[in-house]
Amino acid sequence: MVGPPGADPEPAEVRARVHREALVFSLVKTEVGSVRELEVDGAAGPLRARHYRPARAGAAGKQPLLVFLHGGGFVIGDLDTHDEPCRMLCQHAEMQVLSIAYRLAPEHPFPAAVEDALAAFRWAVDHAGELGADPDRVAVGGDSAGGNLAAVIAQLAAHDGGPVPGLQLLIYPATDLTETRTVSGRLFADGFFLTENDRQWASRHYFAGRSDTDKSDLRASPALAEDLSGLAPAIVVTGGFDPLRDEGEAYAHALREARTPVVSYRAPELIHGFINMTTVPAARDAVLRLAGMVRASLELVR
């Protein structure tokens with residue numbers, strides 16, 4: 001993502017390159033009912049957002065809504081890099097999707113992204129009816145760094161009086177931002193798209209100007225929470241060759257031990273970032289399977 005070991009490019013350079021690469025993987029776009037740009041409330045002002053509605057009306061009543069938080073190590077990624085995954089989730093899970101352009105580091109280090117994600121989720125619940133969505137079925141989800149934010153929002157919402165998401169969708173989530181490394185983190189540290197150098201680069205920028213103790217803050221490392229009971233039902237998806245595989249699966253296990261309903265799925269042949277690689281048949285199949293799990297889970301929330 002950022003280059004070979006020791007590479008330390010400027011965030012603007014990496015953002016531009018990743019944006020270009022994402023467009024290559026989305027030359028053919030999944031058709032949805034409608035897409036529109038809007039603004040939502042962030043913690044420090046308005047945030048850009050993109051609202052997707054499926055072409056199919058689905059079951060009777062208002063559709064569920066997913067507040068989607070993109071990945072990119074809290075430093076890169078935007079509404080365009082994750083346009084196609086949002087389109088696929090919208091159309092095949094038969095739900096509305098609200099993709100959020102939260103503030104990025106290092107310009108806005110931790111906990112700015114968390115604060116924006118929480119504010120945007122609350123905005124979505126408050127305005128679900130205006131969007132034509134069901135305010136009782138507003139989910140939160142994301143991939144990688146976005147999965148981290150979704151897990152954090154699910155915890156914060158459960159402990160601050162709500163509103164509570166109807167579902168938390170955690171796609172290869174980063175759940176522990178301390179220097180702890182799992183077996184998969186060591187096995188797949190290089191050569192599998194997300195490298196150890198990438199992780200260190202993103203961490204330096206996300207925690208720019210912050211103390212090392214911030215990495216243990218539950219708003220950064222939700223896996224360190226002592227009590228995971230009473231959280232929204234979760235879908236946790238991992239890739240077989242992803243350095244984040246083990247921490248995502250450990251978090252799913254911890255949720256299950258706390259009696260939080262969990263559906264977990266490992267895409268055995270895939271790497272980190274596969275929801276952005278849906279021109280690859282195996283990645284597309286995994287996203288379609290994921291969409292089916294989301295659709296079924298949100299039906300149970302009725």
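The largest pocket in this predicted model has a volume of about 640 Å³. A pocket here is an open set of points on a 1 Å grid over the protein atoms alone, where a 1.4 Å probe fits, with protein on both sides within 12 Å along at least five of seven lines. Its volume is the space filled by probe spheres set on the points, which are joined across faces, edges and corners.

Helix α6 (196–206) gives the largest share, six residues, and α1 (11–24) supplies at least two. Helices are DSSP runs of H or I with at least four residues, and strands are runs of E with at least two, numbered from the N terminus. By class, the lining has 17 nonpolar, 13 polar and eight charged residues; Asp, Glu, Lys and Arg count as charged, Ala, Val, Leu, Ile, Met, Phe, Trp, Tyr, Cys and Pro as nonpolar, and the others, Gly among them, as polar.

The second largest pocket has a volume of about 150 Å³, and its lining includes P46, L47 and R48.

Now to the strands, which pair if DSSP finds at least two bridges between them. β1 (34–41) and β2 (46–53) are antiparallel over eight bridges, and in their hairpin G45 takes a positive phi near 140°. In β2, H51 stands opposite R36, while its bridge partner in β4 is L98.

Residues are numbered from 1 along each chain as its sequence is written. Local features need pLDDT of at least 70, side-chain atom pairs count only at pLDDT 80 or more, totals for chains, interfaces and linings use all residues, and side-chain values use heavy atoms, with hydrogens and water left out.

Key. 1 Å grid on protein atoms, 1.4 Å probe; cavity = no way out; pocket = protein on both sides within 12 Å on 5 of 7 lines; lining within 4 Å.
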